[in-house]
Amino acid sequence: MSTLHTVNKSPFERNSLDTCLLLIKNDSTVLLIEDGVSGALQNTTASQSISDAMQEGVKFAVLGEDLNARGLSADRVIDGISVVDYAGFVQLAADHDNVQSWL
Amino acid sequence: MKFAIQINEGPFTHQAADTAYQFTKAAIENGHDIFRVFFYHDGVNNGTMYGVPPVDDRNVQALWSDLAEKHDLDLVVCVAAAQRRGIMDEDEAKRHGKGAANIAPKFRISGLGQLIEAGIQADRLMVFGD
């Protein structure tokens, strides 16, 4: 059963992304929103754990509006993370069986 | 698809109130139904009509009221959370001896059962908070 996990905290401030990645199943998707979008950037202390999870089959997405609001351009995002808008967020929620918000 | 929305955060805490609104709007625009929006914990602060944010700031309460007016949304404020934070309709204000109601247009006050029902009836329960 696939789950969409939303993470809204920066991995440099809270450990919610780490906890999420510990428990996630490989048919699931992590959507980074709000301050969580900074986790999607290349060459940070969070990049390796995201790459590792990708290798396991976990999919990643990031909310483009929240990247833009923080002055972060999409070309700084780790390869393989898809940039979605709010309609894409809705679609991800519909496409998975469950949604888990890591608050 | 039927979505239920739970909001645990007020409009001036962080970003969750805005994300919840943008998600709900996008869901409607893409043909989905919103079974209910449930305001819980500090989220009840989205439902006061006495908030007067500066004119160049977004007014989350007004955005919700407008969206509910347009799409006939069910905006429910948790009664226990609302009492603690001074969000009242006419009946509650009278019952507690307060001067006036302050609940915003299209919002209503009800109990936690409304959240449980939304979780059961909707295909997805989306939780937004801090």
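Colleague: Which residues of helix H2(B) are buried?

Modeller: Burial is a neighbour count: a residue is buried with 20 or more other C-beta atoms, placed from the backbone, within 10 Å of its own, exposed with 12 or fewer, and partly exposed in between. In H2(B), the buried residues are B:Val60, B:Gln61, B:Trp64 and B:Ser65. Viewed down the axis of H2(B), they fall within an arc of 140 degrees (taken over directions from the helix axis to the C-beta atoms), so they line one face of the helix.

Colleague: What should I know about the model and its labels?

Modeller: This is a predicted model: local features need pLDDT of at least 70, side-chain atom pairs count only at pLDDT 80 or more, and totals for chains, interfaces and linings use all residues. Residues are numbered from 1 along each chain as its sequence is written, while chains are lettered from A and ligands numbered from 1 in the order in which they are written.

Colleague: Which residues are exposed on the other side of H2(B)?

Modeller: There, B:Glu69 and B:Lys70 are exposed.

Colleague: And what covers the buried residues of H2(B)?

Modeller: Look for contacts (C-beta atoms, placed from the backbone, within 7 Å). The cover includes helix H1 (16-29) and strand S3 of chain B. Helices (H or I, at least four residues) and strands (E, at least two) are DSSP runs, numbered from the N terminus.

Colleague: What follows H2(B)?

Modeller: B:Asp72 does, and its phi is positive, near 55 degrees. B:Asp72 sits in the loop between H2 (60-71) and S3 (75-78) of chain B.

Colleague: Why does B:Asp72 count as exposed?

Modeller: B:Asp72 counts as exposed because it has 9 C-beta neighbours inside 10 Å. Its C-alpha atom is 14 Å from that of B:Glu29, 43 residues apart along the chain.

Colleague: Now chain A. How many helices and strands does it have?

Modeller: Chain A has four helices and five strands. Along the sequence they run β-α-β-α-β-α-β-α-β. The C-alpha trace of chain A spans about 35 × 30 × 25 Å along its principal axes. Of its 103 residues, 38% count as buried. Among contacts in chain A with a separation of 6 or more, 68% join residues 24 or more positions apart.

Note on methods: Two residues are in contact if their C-beta atoms, placed from the backbone, lie within 7 Å.
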